[in-house]
Amino acid sequence: MSLWEYANPKKFMETSGRILPWASGLAAVALCVGLVWGFFFTPDDYRQGSTVKIIYIHVPSAMMAINIWVMMLVTSLIWLVRRHHVSALAAKAAAPIGLTMTLIALATGALWGQPMWGTWWAWDPRLTSFLILCLFYLGYMALWQAIDNPDTAADLTAVLCLVGSVFALLSRYAVNFWSQGLHQGASLSLDKKENVSDVFYFPLLVSIAGFVALFVALMLLRTRTEIRGRRLRALMARQRGA
Amino acid sequence: MTMVDLGKYAVPVIGSYVASLALLAALVGLTVWQGARMVRALRQAEADAEAAAQATETDHAH
């Protein structure tokens with residue numbers, strides 16, 4: 001069976017309807033376990049004290065903020081190349097989730113930064129690129145709302161998504177590009193020596209799994225709503241024409 | 001489950017959790033509400049379209 005069959009709205013609705021309860025259940029369980037484990041059952045860090053508990057929200061939300069934009073980039077490219085409406089609607093559906101993740105990362109980063117760095121905000125490369133990514137999410141959503149023709153809106157937002165990808169990648173690699181600023185390097189690494197201690201690592205992995213599952217559930221639900229919205233507009237247009 | 005002693009960092013830690021969970025709850029609530037509203041609107045429009053089609057058929061029969 002070809003992957004492109006899922007670009008058929010009917011097939012997408014059938015498949016997403018089956019996946020949605022599992023993704024929602026997994027998100028609820030993994031988020032509860034990860035956050036409760038991290039908050040109640042992990043020790044304080046020897047340098048950061050209890051603020052280390054913010055890692056279970058800050059790191060997954062920041063990862064999702066960047067990865068959701070990458071997912072939007074892929075679906076936007078599929079729209080531009082193959083003109084599958086479901087892919088454009090999936091990108092549109094993902095944007096508010098990405099914006100929320102970016103806001104959570106920025107808010108928890110400020111709350112974590114104040115006691116550790118002595119400031120809520122600094123024009124650090126990673127923080128600044130993340131703020132720009134947040135503005136790109138807002139611009140992307142505003143552009144969808146501003147254009148009446150859905151195909152034109154999908155075209156223009158896809159181009160905006162390509163441009164914004166530079167900042168999504170910068171947000172991820174800014175610390176490596178510029179060895180300056182307050183923000184430390186990646187908390188998770190394939191190199192065991194670079195990683196956070198196991199006592200923080202495992203609850204963090206569960207929390208990340210919860211955020212990923214939550215994104216999948218919300219993205220499927222929002223895409224289903226967008227597909228129904230498209231059908232509704234088609235029906236209303238047909239009635240007006242009759 | 002015991003109450004965790006967050007010491008002098010209680011405000012930023014609890015603030016982070018409360019702000020994040022509030023944002024996530026708002027996103028989930030809005031998504032579910034928009035989805036339910038769209039399902040209702042689509043059902044109504046499909047029922048209207050079906051009724052209009054039947055009315056047209058009846059007119060043609062007469």
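1. In this predicted model, the axes of helix 3 of chain A and helix 6 of chain A approach within 8 Å and cross at roughly 125 degrees. Helix 3 of chain A is therefore oblique to helix 6 of chain A, since angles under 35 degrees count as roughly parallel, over 145 as roughly antiparallel, 65 to 115 as roughly perpendicular and the rest as oblique. The crossing is right-handed.

2. By class, the contact has 10 nonpolar, two polar and four charged residues.

3. Between the chains, the contact draws 33 residues from chain A and 27 residues from chain B. Helix 6 of chain A gives the most to the chain A side, with 12 residues. That side divides into 18 nonpolar, 10 polar and five charged residues.

4. Helix 1 of chain B (residues 10-61) has 52 residues and spans 76 Å from first to last C-alpha, close to the 76 Å expected at 1.5 Å a residue. Its buried residues (20 or more other C-beta atoms within 10 Å of their own) are B:P12, B:V13, B:S16, B:S20, B:L24 and B:L27. Helix 2, helix 3 and helix 6 of chain A are among the elements that cover them.

5. Residues are numbered from 1 along each chain as its sequence is written, and chains are lettered from A in the order in which they are written. As the model is predicted, local features need pLDDT of at least 70 and side-chain atom pairs count only at pLDDT 80 or more, whereas totals for chains, interfaces and linings use all residues.

Note on methods. Two residues are in contact if their C-beta atoms, placed from the backbone, lie within 7 Å. Helices (H or I, at least four residues) and strands (E, at least two) are DSSP runs, numbered from the N terminus. Ala, Val, Leu, Ile, Met, Phe, Trp, Tyr, Cys and Pro count as nonpolar, Asp, Glu, Lys and Arg as charged, and the others, Gly among them, as polar. The expected span of a helix is 1.5 Å times one less than its number of residues. A residue is buried if 20 or more other C-beta atoms lie within 10 Å of its own, exposed if 12 or fewer, and partly exposed in between; C-beta atoms are placed from the backbone. Axes are lines fitted to C-alpha atoms, for helices over the stretch in contact, and angles run from 0 to 180 degrees between N-to-C directions. A crossing is left-handed if the near helix is turned anticlockwise from the far one by less than a right angle, and right-handed if clockwise.
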